[in-house]
Amino acid sequence: MTTISSVRSTRPDGFAVNTPGKQPAVFMDRDGVLNSTDGFVNSPDDLDKALMPEALKAVARLSQQTDFPIILVTNQAGIDLGKFTPEQNQAIQERLAQRIEEAGGRIDSIYFCPNGKKFVLPEGETDGRKPDAGMFFQAAKDYGPRIDLADSYMIGDMTTDIGAGEKAGATTILVQTGFAGKDGKCDAKPDHVAADLSGAVDWILSQR
Ligand SMILES: [Mg+2]
């Protein structure tokens with residue numbers, strides 16, 4: 001069962017750090033990692049057309065070979081911008097969870113950030129929108145000592161993914177699908193570069 005949660009912002013505290021025994025989670029971005037960015041994903045059917053079969057297989061491999069929580073962290077400003085409704089977003093995320101399950105994998109949680117440019121960040125909070133780390137901090141609160149962000153991984157195709165993962169204290173992996181790190185939005189250096197999600201999963205498995 002995949003939980004799906006919206007995160008606009010959160011306080012950057014109130015979660016366990018450096019938990020005994022270390023508890024990695026694998027965070028990953030969606031667009032450009034699980035699905036191609038050739039077209040917009042504004043409906044479940046758009047998602048089906050864009051999903052990359054090799055990426056679904058990679059999630060299945062990670063699911064079967066580890067018990068690490070697998071957590072999606074995805075910016076979805078299209079909600080605030082009116083490109084699709086919150087209900088359509090929910091349907092898209094549910095379709096994704098279903099397709100991953102059908103491929104033999106699991107996504108434990110999906111965190112999405114609907115913030116558009118007009119979002120006003122409350123004082124003392126961290127933005128959910130990457131390159132800020134609000135979605136990671138919210139996950140760490142929700143999972144408690146089951147997650148140690150410092151022992152976790154973040155996989156993404158944009159520098160904003162790498163920047164957010166860095167702020168969360170995670171090991172960062174840039175994949176060369178989607179934007180392949182050529183978005184130019186952040187000055188962030190990944191800890192590792194992989195050809196695609198499959199390569200990223202292989203690297204994580206080789207580290208454990
Ligand atoms: Mg992306």
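Figure 1. Apart from neighbours within four places in sequence, Phe136 is in contact with Phe27, Val73, Leu149, Ala164 and Ala168; contact denotes C-beta atoms, placed from the backbone, that lie within 7 Å of each other. This is a predicted model, in which local features need pLDDT of at least 70, side-chain atom pairs count only at pLDDT 80 or more, and totals for chains, interfaces and linings use all residues. Residues are numbered from 1 along each chain as its sequence is written. Phe136 is listed with Val26, Phe27, Tyr111, Ile155 and Leu197 as the residues with the most contacts inside the largest nonpolar core, which has 54 residues. Such a core is a set of buried Ala, Val, Leu, Ile, Met, Phe, Trp, Tyr and Cys residues joined through C-beta atoms within 7 Å. A residue is termed buried if 20 or more other C-beta atoms lie within 10 Å of its own, exposed if 12 or fewer, and partly exposed in between, with C-beta atoms placed from the backbone.

**Figure 2. Helix α4 and its cover.** Helix α4 spans residues 134–143 and is mostly covered, with 7 of its 10 residues buried. The buried residues are Gly134, Met135, Phe136, Phe137, Gln138, Ala139 and Ala140. Their cover includes strands β2 (9–10), β3, β4 (70–75), β5 (109–113) and β6 (126–127), together with helix α5. Helices (H or I, at least four residues) and strands (E, at least two) are DSSP runs numbered from the N terminus. In the loop between β6 and α4 lies Pro131, and the peptide bond from Lys130 to Pro131 is cis, with omega near 20 degrees. Just after α4, Gly144 takes a positive phi of about 60 degrees.

**Figure 3. The open sheet.** The sheet is formed by 7 strands in the order β1-β5-β4-β3-β7-β8-β9, with parallel pairing. Strands β1 (3–6) and β9 are the edge strands, each pairing on one side only. From one strand to the next, the twist averages 20 degrees. Two strands are taken to pair if DSSP finds at least two bridges between them. Helix α3 (residues 86–102) packs on the sheet and touches β1 and β5, and its direction makes about 150 degrees with that of β5. Axes are lines fitted to C-alpha atoms, for helices over the stretch in contact, and angles run from 0 to 180 degrees between N-to-C directions.

**Figure 4. Strand β4 and its partners.** 6 of the 6 residues of β4 are buried. One face carries Ile70, Leu72 and Thr74, and the other Ile71, Val73 and Asn75. Strand β4 runs parallel to β3, to which 3 bridges join it; here Ile71 stands opposite Phe27, and Leu72 stands opposite Met28. Strands β4 and β5, also parallel, are joined by 5 bridges, and Ile110 in β5 is the bridge partner of Leu72. The chain passes from β4 through α3 to β5 in a right-handed β-α-β crossover; right-handed denotes that, with the strands pointing away from the viewer, the path from the first strand over the helix to the second runs clockwise.

Figure 5. Strand β3 (residues 26–28) is parallel to β7 and is joined to it by 3 bridges, and Met28 stands opposite Ile155. Strand β8 (residues 171–175) is likewise parallel to β7, through 4 bridges, and Leu174 in β8 faces Gly156 as its opposite residue. From β7 the chain crosses through helix α5 (residues 159–168) to β8, and this β-α-β crossover is right-handed.

Figure 6. Pro69, in the loop between α2 (53–65) and β4, is buried, with 20 other C-beta atoms within 10 Å. Beyond its neighbours within four places in sequence, Pro69 is in contact with Ala25, Asp108, Tyr143, Arg146 and Ile147. The C-alpha atoms of Pro69 and Ser109 are separated by 8.1 Å, although these residues lie 40 residues apart along the chain. Asn18, in the loop between β2 and β3, has a positive phi of about 50 degrees although it is not a glycine. Asn18 counts as exposed because it has 12 C-beta neighbours inside 10 Å. Ala180, in the loop between β8 and β9 (192–194), is another non-glycine residue with a positive phi of about 50 degrees. With 16 C-beta neighbours inside 10 Å, Ala180 counts as partly exposed.

Definitions and conventions. Two residues are in contact if their C-beta atoms, placed from the backbone, lie within 7 Å.
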